[in-house]
Amino acid sequence: MDVLLLSVVFIYGINIIQCNLPDPVTRSQELSERSSDLGDFLRLDNPPESFSGDAARVTLEYSCTGDYYVGVEVISDVTDVIGSEQSVKVFTKVFKCTTDVERSRFISKNVRLKLPSKLAFNYNALNKKIALSSKTKIRAWMLDTNWWPLCLKYSNCYTRSAIKVSHNTNIDPPFSRPFVTARGLRTCKSFSWILLFYSTSFKIPQCPVENEVVQLIQYPVALSGEAYGVYRKLEPYNNPDLEDKRRAQIMKPRFTVSVWLYLLEHCFAAPLCSVLHHSTWDAKYKTPLLFITQTGNVHIQVEHTDGQQTAGIAWNPVPLNQWIRIVLTFNVNSWTLAVTTNRSLSETKYSEYRHEGPPVRYDDTEGLFSLGGSENTRSVRGYIGQATLYRHVALRATQIPLESLFHPMFELGLSRREESCASFLHWVQHRVHVHWRDALGRGRPDVCTNPFYAMLQSFVHTSVVMPVCGPDDKVLKHRKYADRLLRNMLSYGLRDNLNYKSIADKLYRKAMDMIDVRLRSVPTAFPLLKQSACLGNMDAMYTAAVILNNGIHVKADDIQSQAYLMLAALDNHRLAALALGHKHRNGLDGLTVDLEQSYRYYKFVADTARADKELHKDTDVLTESIRLTDELAINEQTDENGDIFHWLSHQAKQGVLSAQNRVGRALFWGSQGLQRNLEAAVEYFRMSADTGDAQSQYDYGIVLMRGQGTKKDVQAGLQHIQKAAEQKNPAALNAMGWHAQHYERDMTKAAEYYERAYRLSDVDATFNLGIMHMYGKYPGLEKDVDKAMRYFSLAAPRGHLDAGVMFASINIKGTSRQPRQVFMAAEWARYIAEMSPAIGLVLRKGIKAFKAGKSDVSLFYYALAADAGVEVGSFNLAWLCEENKEGVTTFIEKECVWSKYNISIQRESQFVDSYALLKMGDYYWYGCQGNRDIHRAADMYAQAAVKNNPQALFNLAFMVEEGVDIPTATLRYIRVPLRLQDNNATLLTFLYTKCRESPHSEAYLPCSIALWRVQLIQFWDSHQTLIKVSSVLAVMVFTILSSYTMFRVPRYTSQRRHGDDANI
């Protein structure tokens, strides 16, 4: 019966997926099997993710073909007593590889990582000095013996080594470390000492550690020069001593701010641009403000106790296009500014200033610190690589160590990238000159001629000397298309119209045309993308970042990918900003988990989403989340030549109102696969308005008032809207209120219209009432941000973009009565940002490629959407990788099935598809990639079951049959009655019954068979005695009847024979 069930399950679509995992083969086994072929090799095997004490070990595997020194070392940033960090080598172990036995043979050494006591152990009588650490690396290297003397002299063995590996790890925090014990000590201790030891070894700390050093920025943030930045909020201390100290310094402030800054230009759009400023939730400046002026000088501003503001300016302008460190040290009423360049403390310039007048007031728990800009303040244009606030200590610049070279701001290589691009730009300029010279030479022989003319001149005797151009430089293969493009653009004398943007656009378009044909063209197209990126094309930057991040036909490189994203985000590229926000939200690809930093990127895209939609570009389309598993939605996608569009157009022209509205809105917004066409949309709006329909009259009136797709006519538009309002159309009533507010300046009339529309559940009216309360425009009432927030919270969930943006803005700062809610702010900013037309265009290209049968190209476009954090992009990418048509995933370096399904479920429940939950349940149930977790599998199946997925219910039942004890919380989540949970038979009956009753018809038969099987087994268990007795009785009756028949038949046959003889 089990075989029959599995056969039916396979036929009717309830799939049970298994991961066939072979026995793991370690690197050691592989190397041992082919040790004779090894060259120089080095590897850290299973290094610890965190460690402490003196028992941690790491296995070093290596082979050497010559005389080498092999070393293992631990580097960590150790925090000293004043709170500053310094990179220190805390462990080193070196051994030699010289003997003939060791050469060309795989060697494995178990190295004990013995740390200093202050980093290895907890506090007690044996270890009274403890230290904090961060950014720890375990490094191994192999160095030729000839370099050993220099390595010892300069302590740079790892840097000099050609063969080296490293692993990021962590040293446990102090109270998570083991205690130093007296066991093993060679000296004898007195009884009093032992008593002190035991009394301190088990002492529980009463107060949590509160760091007076605050990391404001840990990972570089891109600042575009606009009103966006990263907000930070400091809280009062829980420790009463620290809090008393903080309060005592409000009128006598002492603090230090250290900021690493990479400026691309001085302030250009405003008199002052912010690096860091302190302000309240309602945008009132507090101490301190650190601005950059238009001349590049640093402007420091503070607030006095009387509320007045004073400022001082440093004399020396800050340099551009390099990393600098700015240290602001404030002591009571004077400050010192130290600007360090080239990572050298000797190249530091100092400025000092004293603020006269009343005492300076500084309360760091009041309001917010903004790194970069805020809603009313523009930021500098560049990057903040790292920022630290020392809350209550005035430090000299020399007391703060420089950041490690391994910090991400240096690893991104922004300076090197600019140098590389500068080289390419120089080549472009040179080739433009060469081709322009050649173009002139064809029409003017006196300017320059081809070398062919020089050869001709040697045969023809003439007194005219024809100038000869020098030989052209050899063009590298990957630059030949760019060179040919420059020649073609200059062939018609277009030098005056030639610019980097036009060249970059053509290079990008050529690269994308190649990829649109087939994904295998990426290796050829990638150099063109890099060249286009150097010339400033942001789409090329983002595309290159995605290719590098996923390793699509190229070697994956997270660092270079991140650098391209930062460059694109600097110029406000929507998808790049979304990608950075997504990575900071989830801590992907080495970025820190930082909701406030992700909000900076999401907020920019959210602010521009509405404006981008109102621009009505022909290339923009409505963002539609269509899954490749949804065949119905895919079939509804059409275009101007599709049957669906032609049928709807025909219906609309015949006067069918619903068809007129559907076609008009599809053309207006660019939905259902159509390109935007405002002129055609307005014609359909006019046709539907002629019918007298209130909503149609409103739609037509709005486009007339705005002049979208037709000539602007405010009065005619207003007349149509008034007709709709007379029919009590909510949108029209809101429009009348908006006209009264902005044109008639009659707030009372506007509020009346808004209230009428609000009572009819109009979302725009809800938002407009919130705006009136936000800015104190509502008649008879004062400004009330909290009341405005309530209106925004009603409008935002119904899809109002501006309401969502305002709701996020208030949550990130809080109000006088409402605390900050950073998570809520980041989530709403992301939700609105993902409605940007930039995403809609990428998703549209992905669905069109899929419908055209180009699964590889479709996969590429969904990778663009997935890296931006779009859930449907991650889902479709995972599904295409799972399908793996034509082996496309062979050329993608990173795993793209389980990782993308996992990302797609990290959203609010209503946005998650049950299929992704089902796949993640399979992942944990079958232990794919060695990660088996039965309880998580049950949880995933339960979440899918709640979404009416029959396969999930079937899998839960299968787990029960396999003997898995499903947690009670999981059963309660899928609403299994308590009386059915104790008995497996009743539980299975419930699950298979719900599976059979699913609206998915394909699940009916397999779930029914499984249910019948359970019912038969249950019937057997309940009545097996009766069945057995009945079976015995049946056998007995059958035996008696058979015996009777056997004896009866011969006698009857004998009688018949005698009768036959008598007749004869």
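What share of the contacts in the protein with a separation of 6 or more is accounted for by residues 24 or more positions apart? Such residues account for 65% of those contacts.

**Figure 1. Overview of the predicted model.** The protein has 1064 residues, and buried residues make up 50% of them. Its secondary structure comes to 39 helices and 21 strands. The accessible surface is about 52,400 Å². Carbon and sulfur atoms hold 53% of that surface.

**Figure 2. Close-up of histidine 407 and the residues in contact with it.** Histidine 407 is placed in the loop that runs between strand β21 (381–390) and helix α8 (408–411). The relative accessible area of histidine 407 is 3%, and buried means under 20%, so this residue counts as buried. Neighbours within four places in sequence are left aside in this view; the contacts of histidine 407 are then Lys135, Gln218, Pro220, Gly385 and Gln386.

**Figure 3. Close-up of glutamate 893 and the residues it touches.** Glutamate 893 belongs to the loop between helices α32 (871–883) and α33 (898–904). Its relative accessibility is 43%, which lies between the limits of 20% for buried and 50% for exposed, so glutamate 893 counts as partly exposed. In sequence, glutamate 893 and asparagine 550 are 343 residues apart. In space, their C-alpha atoms are 6.4 Å apart. Not counting residues up to four places away in sequence, glutamate 893 touches Asn550, Gly551, Val554, Lys555 and Ala556.

**Figure 4. Close-up of a nonpolar surface patch that includes valine 1029.** Four residues make the patch: Val1029, Val1032, Leu1033 and Met1036. The area of the patch is about 360 Å². Valine 1029 is located in helix α39, which covers residues 1004–1063. With a relative accessible area of 44%, valine 1029 is partly exposed.

**Figure 5. Close-up of the largest cavity and its lining.** Rolling a probe the size of a water molecule over the atoms shows where empty space is left. A search of the whole structure finds 7 cavities of 30 Å³ or more. The largest cavity contains about 120 Å³ of space. It is lined by 14 residues, and those closest to its centre are Ser279, Thr280, Ala283, Ser374 and Asn376. Strands β13 (272–279) and β20 (368–372) each supply at least two residues of this lining.

Technical notes: Residues are numbered from 1 along each chain as its sequence is written. This is a predicted model: local features need pLDDT of at least 70, side-chain atom pairs count only at pLDDT 80 or more; totals for chains, interfaces and linings use all residues. Side-chain values use heavy atoms; hydrogens and water are left out. Helices (H or I, at least four residues) and strands (E, at least two) are DSSP runs, numbered from the N terminus. Buried means under 20% relative accessible area, exposed over 50%, partly exposed in between (1.4 Å probe, protein chains only). Contact means heavy atoms within 4.5 Å. Patches are made of residues with over 30% relative accessible area and no salt bridge: like charges are joined within 9 Å, nonpolar side chains (Val, Leu, Ile, Met, Phe, Trp, Tyr) within 5 Å. Accessible areas come from the Shrake-Rupley method with a 1.4 Å probe; for residues, only the protein chains shown count as cover. A salt bridge is a side-chain nitrogen of Lys or Arg within 4 Å of a carboxyl oxygen of Asp or Glu. On a 1 Å grid over the protein atoms alone, a cavity is a set of points where a 1.4 Å probe fits but cannot get out, and a pocket is an open set with protein on both sides within 12 Å along at least five of seven lines; lining residues have an atom within 4 Å of a point. Grid points are joined across faces, edges and corners, and a volume is the space filled by probe spheres set on the points.
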